[in-house]
Each structure stands twice: as C-alpha cells, then as structure tokens.
Amino acid sequence: MDARERLIVALDLPSVSAAAAMVEKLGPAVSFYKIGYHLAFAGGGLGFAETLVRADKKVFLDLKLHDIGNTVAKGVESVAKLGATFLTVHGYLQTMHAAVDARKGSGLRILAVTVLTSYDDADLAAAGYDFTVPELVAERAAQARDIGVDGLVCSAEEAANLRSIASAGMVLVTPGIRPAGAEKGDQKRIMTPARAIVAGADHRVVGRPILEAPDPTAAAEAIIAEIASAAR
C-alpha cells in the first residue's frame, strides 16, 4: 500500500466550508479523509462525503453505528450509496452481524470499534466491564473476525496482538496517532506514526497534529515520510 493511502486525515472541523478549505489546502498531499460526528452533524457533512468521493478521494465515515439490527442495516445501506470506503460500527455481536449483512454487494468495508482509544482499564471498570482493555479488545476482535467484519479500529498498542487474531485481509485502523512531541489531547493510548506501522497498523488516523499545524500540508507530508520510512 502506498504510504499516502495509509494516512487518513480526520476532518474534525465545525463546518463543511472549513473542511473544504482544509481539503483544498492539503491538495494532492492527502488522498484519504475521515468524517466523524463533528462534521457529519454540522449540516451537509454527509453530502460533502459524496463530494470527496467524486474528487477521487477515499472517505472513512466514522459514525460508530450501534442500534437494533434493522436500524443498523438501513443505515449501512444508505452509507453504501455514498461511495465511502470505510464505515465504523461498535463491536457488539448483533450490530456487527447486521452491518456485514447489509453491506454485501457494495464496496463499503465495515470496521468494528473494539475499545475507544480514550478509554483505559479504569474507564471500563466504571462502565461495568470485568475486563482489561487488552482482554476486551481481543474478545471483540475475534468475534468480528468470525462474523466477517472487514477490519478493526484499535489503538496502535493493540495492533501487534490483533494481527495474530485478525483474519487475512482484515485491515487495522489506528486513531490516537501523535507525531513525536505532539500533545496527547484527550487520547490515553497513543503512538507515533512510525511505531504504529511497525506494530502492524494499516492506516493511521491523524487530526489535530495536521489541522492545527502552522503548515498542514508540511505536517501531512512529514507524517507520510515517516510512514514510508517505517514501512521499508
């Protein structure tokens, strides 16, 4: 995979106009974008996803669907029509089954979210789980594999272990990526782009270190160069 396609820039911006300006600024440096709640619910965010696809960009819709099976299925069918490459769902059995069944016949790939990268063991305990983060990630990854989910969203810390669980062809997408020296923000399980590659991640999601950089294009190119060097 080309190093440029391994970088997914998170368009965590307040409006479509701001996102469009950032995409224009980044130009050919970036070929893959993530649209999450912030932009999707800002008004026109999902329509902007179609605009990106028409411009030959790849789109990752990070909507983390989780509902009764029929509702999830209808949502997946609608997203498939947008031309997105990836769509996230939470890693619950019924949700994953419904999403996998609904995406058949399309080019959409379903990614299961194992455990959010802002969570640690204490957060899971507070939510009532009798698991550590690695234990719950491994269990959900194995279930996703058996159901036929196309990939996993996980911390780069878990990527190496998940490579031994995931089936051939499953992709690992890692948020919580921070270049050396960058602020952690609200993430608790983070890793540099190079270390994520070595750990076995396929795609790295980067938002603020690029969006808030004085020169976003230079920041993106530096990360791509780091990815390319680590992948050799």
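Reader: Which way do Leu-7 and Val-9 point from strand 1, and which way do Ile-8 and Ala-10?

Author: This is a predicted model, to be clear. Leu-7 and Val-9 point one way from strand 1, while Ile-8 and Ala-10 point the other way. All of them are buried.

Reader: OK, and how many bridges join strand 1 to strand 8?

Author: There are 3 bridges between strand 1 and strand 8 (residues 203-206), and the two strands run parallel. Within that pairing, Val-9 sits opposite Val-206 of strand 8.

Reader: What about strand 1 and strand 2, how many bridges there?

Author: Strand 1 (residues 7-10) and strand 2 are joined by 2 bridges, and they run parallel. Val-9 turns up here too, standing opposite Tyr-33 in strand 2. Ala-10 is opposite Lys-34 of strand 2.

Reader: What do strand 1, helix 2 and strand 2 make together?

Author: A right-handed β-α-β unit, with helix 2 spanning residues 16-26.

Reader: Staying on strand 2, are its residues buried or exposed?

Author: Both faces of strand 2 (residues 32-35) are covered. Phe-32 and Lys-34 are on one side, Tyr-33 and Ile-35 are on the other, and all four of these residues are buried.

Reader: And which residue of strand 3 is opposite Tyr-33?

Author: That's Val-59. Strand 2 and strand 3 (residues 58-65) run parallel and are joined by 4 bridges.

Reader: Switching to helices. How do helix 6 and helix 8 pack?

Author: Helix 6 (residues 93-102) and helix 8 (residues 133-147) pack at an angle of about 30°, and their axes are 10 Å apart. Angles under 35 degrees count as roughly parallel, so helix 6 and helix 8 are roughly parallel to each other.

Reader: Is that crossing of helix 6 and helix 8 left-handed or right-handed?

Author: The crossing of helix 6 and helix 8 is right-handed.

Reader: Last one, helix 9. Which of its residues are buried?

Author: In helix 9 (residues 156-163), the buried residues are Ala-156, Glu-158, Ala-159 and Leu-162.

Reader: Why do you say those buried residues line one face of helix 9?

Author: Because, looking down the axis of helix 9, its buried residues fall within an arc of 135°.

Methods
Residues are numbered from 1 along each chain as its sequence is written. This is a predicted model: local features need pLDDT of at least 70, side-chain atom pairs count only at pLDDT 80 or more; totals for chains, interfaces and linings use all residues. Side-chain values use heavy atoms; hydrogens and water are left out. Buried means under 20% relative accessible area, exposed over 50%, partly exposed in between (1.4 Å probe, protein chains only). Two strands pair if DSSP finds at least two bridges between them. A crossover is right-handed if, with the strands pointing away from the viewer, the path from the first strand over the helix to the second runs clockwise. The arc is that of the directions from the helix axis to the C-beta atoms. Axes are lines fitted to C-alpha atoms, for helices over the stretch in contact, and angles run from 0 to 180 degrees between N-to-C directions. Angles under 35 degrees count as roughly parallel, over 145 as roughly antiparallel, 65 to 115 as roughly perpendicular and the rest as oblique. A crossing is left-handed if the near helix is turned anticlockwise from the far one by less than a right angle, and right-handed if clockwise.
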